[in-house]
Amino acid sequence: MQVLRLAKEGQLFERPQDAIKDSYRLEFIGLPEKASYSETELEEKLIEKLESFILELGTGFTFVGRQERISFDDKHFRVDLVFYNRLLRCFVLIDLKIGELKHQDIGQMQMYVNYYDRKIKLKEEGKTIGIILCQNKSEAVVEFTLPENNTQIFASKYMTVLPSKQSLAKLSM
């Protein structure tokens, strides 16, 4: 039934979770696996290959900007990448992290999302979504840092190299 509905109607986006993946394949940017590169280098590679990155994000994403500045109390912060999703009718903020996700990263994204919801988005738009793209994440850190009813902030892993055939074979067993 679900497959038939999907074939007839296409993918329906009713909640932010419907548009967010938990694993992104970024092999198209050309960075080696587990190399020492910075978040800035990762961002620059993604911008160079923006069309491929938007296709990897999924349906409805449009690029708004990079290093978008947020300022208050004489402090300045920068959101790595800002997109807008036409289907969800909301901003999608992406923060890039090299290595393990930390609870402070989630708190930083919460601040960005709150700022966009309170100062940037229009009343008729949906709540801002934040995605932290990281190489590694602890499900426990995500679970205990975010509230139980969270629908706005997501931590998703990324890989710059596709898994080998042997690794994929082990997963299917």
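Strand 5 (residues 129-136) and strand 6 (153-159) run parallel and are joined by 5 bridges, where two strands count as paired if DSSP finds at least two bridges between them. The model is predicted: local features need pLDDT of at least 70, side-chain atom pairs count only at pLDDT 80 or more, and totals for chains, interfaces and linings use all residues. Residues are numbered from 1 along each chain as its sequence is written, and side-chain values use heavy atoms, with hydrogens and water left out.

**Parallel strands and their crossovers**

- Isoleucine 131 has phenylalanine 154 in strand 6 as its bridge partner, and leucine 133 has serine 156 in strand 6.
- Strand 4 (residues 90-100) also runs parallel to strand 5, and 7 bridges join the two.
- One of the partners here is glycine 130 in strand 5, which pairs with leucine 93.
- Strand 4, helix 4 and strand 5 form a right-handed β-α-β unit; right-handed means that, with the strands pointing away from the viewer, the path from the first strand over the helix to the second runs clockwise.
- Strand 5, helix 5 (residues 139-145) and strand 6 make a right-handed β-α-β unit as well.
- Strand 5 is mostly covered, with 7 of its 8 residues buried, and strand 6 is mostly covered too, with 5 of its 7 residues buried. Buried means under 20% relative accessible area, exposed means over 50%, and partly exposed lies in between (1.4 Å probe, protein chains only).

**The chain as a whole**

- The protein chain has 6 helices and 6 strands; these are DSSP runs numbered from the N terminus, with helices (H or I) of at least four residues and strands (E) of at least two.
- From the N terminus on, the order of elements is α-β-α-α-β-β-β-α-β-α-β-α.
- Of the 173 residues, 38% count as buried.
- Among contacts with a separation of 6 or more, 63% come from residues 24 or more positions apart; a contact means heavy atoms within 4.5 Å.
- The accessible surface is about 10,600 Å², and 51% of it belongs to carbon and sulfur atoms. Areas come from the Shrake-Rupley method with a 1.4 Å probe, and for residues only the protein chains shown count as cover.

**Helix 2 and its covered side**

- Leu42, Glu43 and Leu46 are buried in helix 2 (residues 39-48).
- These residues sit on the same side of helix 2 because they cover an arc of only 100° around the axis, taken from the directions from the helix axis to the C-beta atoms.
- The cover over the buried residues of helix 2 includes helix 3 (50-57), strand 2 (61-72), strand 3 (75-85), strand 4 and strand 6.

- Aspartate 105 lies in helix 4 and is buried, at 9% relative accessible area.
- Beyond its neighbours within four places in sequence, aspartate 105 contacts Lys97, Glu100 and Ile132.
- Tyrosine 116 is buried as well, at 5% relative accessibility.

**Aromatic pairs**

- The whole structure holds 7 aromatic pairs. Rings of Phe, Tyr and Trp (its six-membered ring) pair if their centres lie within 6.5 Å; planes under 30 degrees apart count as stacked, over 60 as edge-to-face and the rest as tilted.
- One of these pairs, phenylalanine 91 with tyrosine 116, is edge-to-face, at 5.3 Å centre to centre and 65° between the planes.
- This pair links distant parts of the chain, with phenylalanine 91 in strand 4 and tyrosine 116 in helix 4 (residues 103-120), 25 residues apart.
- Phenylalanine 91 is buried, with a relative accessible area of 13%.
- Ring pairs also link Phe53, Phe61, Phe63 and Phe83 into a cluster.
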